[in-house]
Amino acid sequence: MGAEDSFTDKISLELERNSNVSYDCKHVGMLSIKTANKSVEDALKMPDPVDLYYGLFNEGEVACLFADSNAGKSIFAVQMADYISRRRRVLYVDCELSEKQFQLRYTSKEIGFRYVFSDNFYRAEIDPEHIGIQNYEVSIIKDIESAALETDSKIVIIDNLTYLCNSSEKGDVAGLFMMKLIALKKKLFLTLLIISHTPKRNLSNPITQNDLAGSKKLYNFFDNVFAIGQSAKDKRIKFVKQVKVRASEYIYDSDNVIIYEITNEGGYVHFLHKGYGKESEHLRDRSEEDDLQNHSNIMTLHKDGKSVREIADLVNLSKTSVHRIISQEKRKAECSRDDSVPSEDVGQVGQMGQSYPLFVESDQEESFIFELDNSDEL
């Protein structure tokens, strides 16, 4: 008896032991309730998720690919769609390039070559003459649903999120939009890949979930998140790193990123696989200027009323480090202020000869209390 047969027998035995339990699915509003054993039993009847692209993207997921501007995320997304379309139908919703721009990217005038995609690869773009201002986000989701049905595509790639959800930085709006996309996914049994971007980032810092643009709530809705990074050592080199994995194996972490070089071979622009490496090998060495800029960003966020925890999330540092930097900057400011104050017996002389101190401590001066939670430190 093989290991697989043994596993199946154990599952069957466990189900028999619990045969006296009612397995009827109950519905309470939006919730469907089963016993845990019934959930396992039903899931066993479903096929396991299929790896669609080298461990980065799996069937049945709502995944996200993000990168900085001009990092090549659209090129990589089309490459993924091209690969998958050799076996499955793919709908690519292109909100980035016009039809002509897309054609030029995959055509070489010099040699008269045009790259030929699979007929399973469908591309859609937004027709400006049919854009409705009212209920735009609801309408675009309905149109994507209709397009998926029209092309019989179970895999949909959306490039990119900003064009579909104009207020992705607002938590409630972004959350509601993602819930609608997930509802569409479940309704049609789709697999979704959403392309997003990252604000300008410091190339000396590793890529984290905090680099995903928009509300932090977005990250929680994705099953799988991976990113393209720019090598600080060579502008031609890119690397791909997994940031979040929910169901599959966490393969491409910071110690094993995928190394690529963008190349154009006969009119086909694509990521050429160069091997694997460590993310640290492609990060810029930290300079004094980087540290000064980082300190400045932290103090700006502090003055804006952000908590130590919020600042730590935004700048990819621990709360202890943020606490230390703010303390250092406050002490520098106090020392600078003290150095500018004359001796104690010299003050500003008033009309009646009364001496006033140049600086008066206010009762409202910030006492600089931090909300440190030792359980979350380092």
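This is a predicted model: local features need pLDDT of at least 70, side-chain atom pairs count only at pLDDT 80 or more; totals for chains, interfaces and linings use all residues.

Of the 378 residues in the protein, 40% are buried. If you follow the chain, you will pass through eleven helices and 15 strands. How do contacts connect residues along the chain? Take the contacts between residues at least 6 apart in sequence: 63% of them join residues at least 24 apart.

Is helix 3 mostly covered or mostly uncovered? It is mostly covered, with eleven of its twelve residues buried. Among them are I75, F76, V78 and M80, but also K73, Q79 and D82.

Charged side chains come next. Across the whole structure, a search finds twelve salt bridges. One of these pairs is D94 and R123, whose side chains meet with 3.2 Å from N to O. This pair links distant parts of the chain, since D94 belongs to strand 4 (residues 90–94) and R123 to strand 7 (residues 121–124), 29 residues apart. How covered are the two partners? D94 has a relative accessible area of 3%, so it is buried. R123 reaches 24% and therefore counts as partly exposed, because buried means under 20%.

R123 has another partner too: its side chain also meets that of E125 in a salt bridge, at 2.8 Å from N to O. E125 is partly exposed, with a relative accessible area of 39%. Elsewhere, salt bridges link K34, K38 and D42 in a network.

Now let us visit K241, which sits in strand 11 (residues 237–245). Which residue does K241 meet in a salt bridge? Its partner is E279, and the two side chains are 2.8 Å apart, N to O. E279 lies in the loop between strand 13 (268–277) and helix 9 (288–303), while K241 is in strand 11, so the pair ties together parts that are 38 residues apart in sequence. Both residues of this pair, E279 and K241, are buried. For K241 the relative accessibility is 7%, which means that it counts as buried.

What else surrounds K241? Setting aside its neighbours within four places in sequence, its contacts include P206, I207, F226, A227 and Y252, along with D253, S254 and V257. Let us pick out D253 from that group. You will find D253 in the loop between strand 11 and strand 12 (257–265). D253 and K241 are twelve residues apart in sequence, and their C-alpha atoms are 5.8 Å apart in space. Is D253 buried or partly exposed? With 25% relative accessibility, D253 counts as partly exposed, whereas K241 is buried at 7%.

Terms used. Residues are numbered from 1 along each chain as its sequence is written. Side-chain values use heavy atoms; hydrogens and water are left out. Helices (H or I, at least four residues) and strands (E, at least two) are DSSP runs, numbered from the N terminus. Buried means under 20% relative accessible area, exposed over 50%, partly exposed in between (1.4 Å probe, protein chains only). Contact means heavy atoms within 4.5 Å. A salt bridge is a side-chain nitrogen of Lys or Arg within 4 Å of a carboxyl oxygen of Asp or Glu.
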